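Dear colleague,

Please find below the structure that I am handing over to you. My notes on what was found in it follow.

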Amino acid sequence: MEKTIEDPPTSAVLLDHCHFSQVIFNSVEKFYIPGGDVTCRYTFTQHFIPRQKDWIGIFRVGWKTVREYYTFMWVTLPIDLNNKSAKQQEVQFKAYYLPKDDEYYQFCYVDQDGVVRGASIPFQFRPENEEDILVVTTQGEVEEIEQHNKELCKENQELKDSCVSLQKQNSDMQAELQKKQEELETLQSINKKLELKVKEQKDYWETEFLQLKEQNQKMSSENEKMGIRVDQLQAQLSTQEKEMEKLVQGDQDKTEQLEHLKKENGHLFLSLTEQRKDQKKLEQTVEEMKQNETTAMKKQQELMDENFDLSRRLSEKKMICNALQREKERLEGENDLLKRENSRLLSYMGLDFNSLPYQVPTSDEGGAGQNPGLVYGNPYSGIQESSSPSQLSIKKCPICKADGICDHTLEQQQMQALCLNCPICDKIFPATEKQIFEDHVFCHSL
């Protein structure tokens, strides 16, 4: 069959729906010699209009649909359909695409809708018949031919007799054929209905086929994946079988080890019983040690509390000592000021400080008397006496009778540093009222 770039338009239209009289084929031979081109001539009827996609095909006799063409050629559209010569057209089929057998074929004109508009008489593709060739024979051959002819005449008579009987049978068959034709018409009407149903069913099947085809493709891809997966699982299975053999061997070894461990477990149980007895003794010992530890903790807590109290008291003593040191430095500064004031007053009075019979005692000498070099005495002597304790007052504690500085003397000095005591009337002033205290002492000197 001819291979073309573009297939002609076809359809599944049956013969009953075709119109064979709209295109007439002219000068169709009974047979065409193979190996030569074939020219097909045809004529359009008055009411037929050709279109661009019309084509002429060569069909084997007995075809059912236009899809069964052997080869085809596109129709050339005439320029002017009103011209009489334009109604007569022709196409030429190349010998290469023609059939090679001796079956009967015919030309068919098919429009672009796939409907047959004309069909030719049947013809064959075969060489020339031998009957058309002149044969020269001898007299003997002629006699043999005449004898053979007589025999053929006899056979012909017999055939005529049988033909008469066959004609009779034919008439009977014609009557039966008429009945069959009526039945056929009924069946054709039924067939048309069935064809509609078949067409609907075919459309449904085509849709279903497409869906099944897609599913088949999916299943094929999944099948390939499953095949790969099966190969992987088989490889894993072989690996697991090897591992299983190793595990079975290992299980036997473990069983032997288990028996050995059971024996060792019996020995260990005996030793465990002895260890539990020893553990009870150790627990009793631990309980006693816990009680001793609790007692030690309590003692340690008491010692820590006592140590904390001592640390607190030591810090307080250090603070008091620092305060006394600062007070001492302050008093020494005031003493220097008073010395300079006394020197100034004596020079003002025309007296020499070094020629006086009595000297002003320093803080180191610890004198408690007033300075005789002053006319009215030293108004700040009370401050010195009250804030700077002498060496005699701190040599021996009156409470604990201890020599030097103790806790009692430090507390007493702290109280004296925090208050001011008048040396004349023994009136006590807070350390914050220093100016009032100085004015009070100065009033005694007036």
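Please keep in mind that this is a predicted model. I begin with helix α4, which covers residues 434-444 and whose buried residues are Phe 437, His 440 and Val 441. Viewed down the axis of α4, these buried residues fall within an arc of 95 degrees, so they line one face of the helix. An α-helix has 3.6 residues a turn, so residues three or four places apart point the same way. On the face of α4 turned away from the buried side are the exposed residues Gln 435 and Cys 443.

Helix α1 spans residues 139-349, 211 residues in total. A straight helix would reach 315 Å at 1.5 Å a residue, yet the end C-alpha atoms of α1 are only 212 Å apart. Among the buried residues of α1 are Lys 317, Glu 327, Leu 331 and Leu 346. After α1 comes Gly 350, which has a positive phi, near 80 degrees.

Ile 190 also lies in helix α1. With a relative accessibility of 40%, Ile 190 counts as partly exposed. Together with Leu 184, Leu 187, Leu 194 and Val 198, Ile 190 makes a nonpolar surface patch of about 440 Å².

Finally, the largest nonpolar core has 20 residues, and those with the most contacts inside it include Phe 25, Tyr 42, Phe 93 and Tyr 109. At least two residues of this core are supplied by each of the strands β1, β3, β4, β6, β7 and β9. The largest share, four residues, comes from β3.

Yours sincerely

Technical notes: Residues are numbered from 1 along each chain as its sequence is written. This is a predicted model: local features need pLDDT of at least 70, side-chain atom pairs count only at pLDDT 80 or more; totals for chains, interfaces and linings use all residues. Side-chain values use heavy atoms; hydrogens and water are left out. Buried means under 20% relative accessible area, exposed over 50%, partly exposed in between (1.4 Å probe, protein chains only). The arc is that of the directions from the helix axis to the C-beta atoms. The expected span of a helix is 1.5 Å times one less than its number of residues. Patches are made of residues with over 30% relative accessible area and no salt bridge: like charges are joined within 9 Å, nonpolar side chains (Val, Leu, Ile, Met, Phe, Trp, Tyr) within 5 Å. Accessible areas come from the Shrake-Rupley method with a 1.4 Å probe; for residues, only the protein chains shown count as cover. A salt bridge is a side-chain nitrogen of Lys or Arg within 4 Å of a carboxyl oxygen of Asp or Glu. A nonpolar core is a set of buried Ala, Val, Leu, Ile, Met, Phe, Trp, Tyr and Cys residues joined through side-chain atoms within 4.5 Å.
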